[in-house]
Amino acid sequence: MKTKRIVFLGFALCIALVLSYIETLIPFGFGIPGIKLGLANLIILIILYLDMPKEAFIVSMARIILVGFMFGSLSSMIYAFAGGTLSFLCMYLLKRFNRFSPIGVSSLGGIVHNMGQLMVASFIVKTDIFAFYFPYLLLSGLLTGLLIGVIGNTIINRYSKYLVKWREA
Amino acid sequence: MSLSRDKRYVNDFILIAAALILGVLLVFLGNRKGGGQIATVTDSNGQIYTFNLDENTEFRIETDLGYNIISVKDGNISVSDADCPDCSCVKQGEISKKGEKIVCLPHKLIVEVNSEDNTDLDSITY
């Protein structure tokens, strides 16, 4: 990996961490546990759309580990891993599929992220919370994913021509 | 870039609308039922009766100590009549939530709601 690329990914990870922290300051929950804005996904989405899927995945995982140690617990890390890997996989495949803009990709990513967390939750708790929470988490994932997608789409359209320089650097 | 940007937005819209409709539909389906509550009644002989709170019924439980009439109505269970001295089981009214109890001490009768699924409150707090 070239030095400039490492610097770029370091910046990206840093922004993702700050966004994760800001996210904890914003009350957003509607009384349903486990709902977050997912601001850090903005960074993952942008890196993914700079055609750096591998790097996006690395940043995503590094963010989860660091956030887990800084603000979370082991269990929150397990949830984040499940959601993070699943939503990344989904967004990556959907981007390769090339039929959707970042808005659609991010929306589905948000939904799948919540599904991944719910799967872990229902595995740990061992009651049928899955069926009960599924619709709410689907809607909240859609809402947050859509929000991130709209912001991400704007950034990608306006700035990707500048950001791409980092990739080729 | 095999598709124009506008075409992608149309696809996005279809995807989002589909997810939204699915989500709203599932919320309504989930709220419509909401039942699955089951109540058990234990009498002084240790015999256990089970009632489904979705089915309205009246049931008379008679033991050596006396009788209690259990009635299930619109998802609630109550003791509607009894010949015990203080009738506090009747005064305790209707119950419907998991863990709620009606106790008739003179007749050693316990009515308890135990739901099949954890829809209301559960033991895990976040």
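Reader: What share of the contacts in chain A between residues at least 6 apart in sequence join residues at least 24 apart?
Author: The share is 72%. The model is predicted.

Reader: Which secondary structure does chain A have?
Author: Chain A has six helices and zero strands. From the N terminus, the order reads α-α-α-α-α-α.

Reader: Why is A:Leu48 called buried?
Author: A residue is buried if 20 or more other C-beta atoms lie within 10 Å of its own. A:Leu48 has 27 such neighbours, so A:Leu48 counts as buried. Of the 169 residues in chain A, 42% are buried.

Reader: Where is A:Leu48, and what is it in contact with?
Author: A:Leu48 sits in helix H2 (residues 41-49) of chain A. Leaving aside neighbours within four places in sequence, its contacts are A:Pro53, A:Ala56, A:Met91, A:Tyr92 and A:Lys95. A:Lys95 is 47 residues apart from A:Leu48 along the chain, and their C-alpha atoms are separated by 8.4 Å.

Reader: What makes H3(A) roughly antiparallel to H4(A)?
Author: The angle. Helix H3 (residues 53-70) and helix H4 (residues 74-97) of chain A pack at about 165°, with axes 10 Å apart. Angles over 145 degrees count as roughly antiparallel, so H3(A) is roughly antiparallel to H4(A). Their crossing is right-handed.

Reader: Which residues make that contact?
Author: From H3(A), they include A:Pro53, A:Ala56 and A:Phe57. From H4(A), they include A:Phe88 and A:Tyr92. The residues of this contact divide into ten nonpolar, four polar and no charged.

Technical notes. Residues are numbered from 1 along each chain as its sequence is written. Chains are lettered from A and ligands numbered from 1 in the order in which they are written. This is a predicted model: local features need pLDDT of at least 70, side-chain atom pairs count only at pLDDT 80 or more; totals for chains, interfaces and linings use all residues. Helices (H or I, at least four residues) and strands (E, at least two) are DSSP runs, numbered from the N terminus. A residue is buried if 20 or more other C-beta atoms lie within 10 Å of its own, exposed if 12 or fewer, and partly exposed in between; C-beta atoms are placed from the backbone. Two residues are in contact if their C-beta atoms, placed from the backbone, lie within 7 Å. Axes are lines fitted to C-alpha atoms, for helices over the stretch in contact, and angles run from 0 to 180 degrees between N-to-C directions. Angles under 35 degrees count as roughly parallel, over 145 as roughly antiparallel, 65 to 115 as roughly perpendicular and the rest as oblique. A crossing is left-handed if the near helix is turned anticlockwise from the far one by less than a right angle, and right-handed if clockwise. Ala, Val, Leu, Ile, Met, Phe, Trp, Tyr, Cys and Pro count as nonpolar, Asp, Glu, Lys and Arg as charged, and the others, Gly among them, as polar.
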